[in-house]
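Subject: Structure handover

Dear colleague,

Here is the structure for you to look over. My notes on what was found in it follow below.

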Amino acid sequence: CLLFPSDHSSPTFNGTCPSEMVFYTDSCKNSTVVSWSDPVATDNSGTTVMTYPPVRSPINLTVGLYEIFYTATDKSGNTANCSFVVQVTSKYFIRT
């Protein structure tokens, strides 16, 4: 019988989770290409599985707020989350 110690330590993003971001559209446009670096998760087990958001960088986004959410899971089922908001806004008045 082999006994393995329990792993109660969650993965960590070690400061690689981006902060809130604001991007501006060009004149007379309602969208812009935005980009960020994917966060990197590590764990004491040496193995993590990353769940990525459906909105991936780089991407063309219209004016609005987008919550970006990553999850890292180790082989013991411990999880860590990284989330941040991407805001796309216009500096210009668009006539309708």
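A residue counts as buried when its relative accessible area is under 20%, as exposed when it is over 50%, and as partly exposed in between. Please bear in mind that this is a predicted model.

Cysteines

By that cut-off Cys82 is buried, because its relative accessibility is 1%. Its partner is Cys17: the two form a disulfide, with 2.1 Å between the sulfur atoms. Cys17 has a relative accessible area of 28% and is therefore partly exposed. The link between Cys17 and Cys82 is right-handed, with 90° about the S-S bond. A search of the whole structure turns up one disulfide. As for Cys28, its relative accessible area is 69%, so this residue is exposed.

Sheet

Four strands make up an open sheet with mixed pairing, in the order E1-E6-E5-E3. E1 and strand E3 (48–51) are the edge strands, each pairing on one side only. From one strand to the next, the twist averages 20°. E5 and E6 run antiparallel and are joined by 10 bridges. Within E6, Asn81 is the residue that stands opposite Thr71.

Core

The largest nonpolar core has 18 residues, and those that touch the most other members are Phe13, Trp36, Ile68, Tyr70, Phe84 and Val86. At least two residues of this core come from each of strand E1 (21–25), strand E5 (64–74) and strand E6 (79–90). Which strand gives the most to this core? That is E6, with five residues. In general terms, nonpolar side chains tend to be buried together in soluble globular proteins.

Phe84 is worth a look in the viewer. Leaving aside residues up to four places away in sequence, Phe84 touches Cys17, Pro18, Ser19, Glu20 and Met21, and also Trp36, Tyr66, Glu67, Ile68 and Tyr70.

Regards

Technical notes:
Residues are numbered from 1 along each chain as its sequence is written. This is a predicted model: local features need pLDDT of at least 70, side-chain atom pairs count only at pLDDT 80 or more; totals for chains, interfaces and linings use all residues. Side-chain values use heavy atoms; hydrogens and water are left out. A nonpolar core is a set of buried Ala, Val, Leu, Ile, Met, Phe, Trp, Tyr and Cys residues joined through side-chain atoms within 4.5 Å. Buried means under 20% relative accessible area, exposed over 50%, partly exposed in between (1.4 Å probe, protein chains only). Contact means heavy atoms within 4.5 Å. Two strands pair if DSSP finds at least two bridges between them. Axes are lines fitted to C-alpha atoms, for helices over the stretch in contact, and angles run from 0 to 180 degrees between N-to-C directions. A disulfide is a pair of cysteine sulfur atoms within 2.5 Å.
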